[in-house]
Amino acid sequence: MADNTAHPAAPAPARKTGGAGDLLKRLFVRLGILPFLLVIAIVVFTLLSDNFLTPRNLMNVLRQSVYLMIVSLGQMLALLTGGFDLSVGTILALSSVVGALTMSSVYALFPEMAGMAIAVGCVAGIAAGVSIGMVNGLGVAFFNVSPFMMSLGMASVGFGIALYLTGGVPVYGMPQAFGDIFGFGSLFGIATPVYVAALLVLGLYAFLYWTPQGRYFYAVGGNAKAASLSGINTGGTLFLTYTLCAFFAAVSGMLLTARLDTGEANIGASMPLESIAACVIAGVSLRGGVGRLENVVLGALFIGLVQNGMNLARIESYLQTVVLGTLLILAVIADQIRLRYVASLKD
């Protein structure tokens, strides 16, 4: 007699887990490539230089990384929305030149009012940088110009304006207090630009993760059409993205001007590459919609750490550019591999 009793389905064979390889794979999927690169960099540069891990050198790395960190905050917003900004270097230069020219002119007219000259110069420099970002935002958001072409074109326009204003000559004549406070000043042993960067990071963190508009950056970058159908103002979000990106770059430009004590038309040339590298190494996706602010801060510190280590190891500046470009390519490849791992873990 046939047995018609239903047998329970046999359980699926459990996937083999465990082992160092599987643990590294899961860590890589969760944290990205940055922790691995950070460990490698610390080990290599510690072996190459005895001064690398000293507190004084690490504080120096923090101070030197501040300018890139601030620019990377804005670049992260552009990447989150699926674009990028190649004009951040020009924005640094234009804000530096306009800020220095305005500051020196006001200070020459009212030498007893250094504070007012500093304030007016900073506002003018930041406004000049933000104007570049607003044009970028208009082109990308409302005329559907690709971020690559728009920001590349504006990089050329801004650089030309900066050279025209100065004739290629550095701008001097700013109040000494400007450099003393924002360039070389410190409080409790920590440089003033570090405090400025910390305030900007905290402000952007609250804006990104505690407000609806902050989530819109992720939504637009993840799927612009779905975001639009959900009632999100995608055009306004893109315009705000490039305006904020320019604001961060302009603030960095003014801090760098205080550090150099001159307005320079040729500063910031490496910022587009370095800021994109800092973001991508930190796990911000080039396809948009993915990335964490705290990781970008670590990514900028990592770039600063590598540059500092190469300086201590006496590696030539030309080769340092090669290393940074290689790191960027490596981070993009790692991002692709990570996506495959994520898909395999979901299966």
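**The cavity and the pockets**

Modeller: The largest cavity is lined by Phe28, Gly32, Ile33, Val280, Ile281, Gly283, Val284, Ala331, Ala334, Asp335 and Arg338. This is a predicted model, in which local features need pLDDT of at least 70 and side-chain atom pairs pLDDT 80 or more, while totals for chains, interfaces and linings use all residues. Residues are numbered from 1 along each chain as its sequence is written, and side-chain values use heavy atoms, without hydrogens and water.

Colleague: What is a cavity, and what is a pocket?

Modeller: On a 1 Å grid over the protein atoms alone, a cavity is a set of points where a 1.4 Å probe fits but cannot get out; a pocket is an open set with protein on both sides within 12 Å along at least five of seven lines, and lining residues have an atom within 4 Å of a point. Here the largest cavity has a volume of about 70 Å³.

Colleague: Which element gives the most to the lining of the largest cavity?

Modeller: Helix 14 does, with four residues.

Colleague: How large is the largest pocket, and which residues are closest to its centre?

Modeller: The largest pocket holds about 570 Å³ of space. Its lining numbers 25 residues, with Gln64, Ser270, Met271, Glu274 and Gln307 the closest to the centre.

Colleague: What is the volume of the second largest pocket?

Modeller: Its volume is about 350 Å³. Among its 18 lining residues, Arg30, Ala282, Gly283, Val290 and Arg338 are the closest to the centre. Helix 14 supplies the largest share of this lining, four residues.

Note on methods
Points joined across faces, edges and corners; volume = space filled by probe spheres on them. Helix = DSSP H or I, 4+ residues; strand = E, 2+ residues; numbered from the N terminus.
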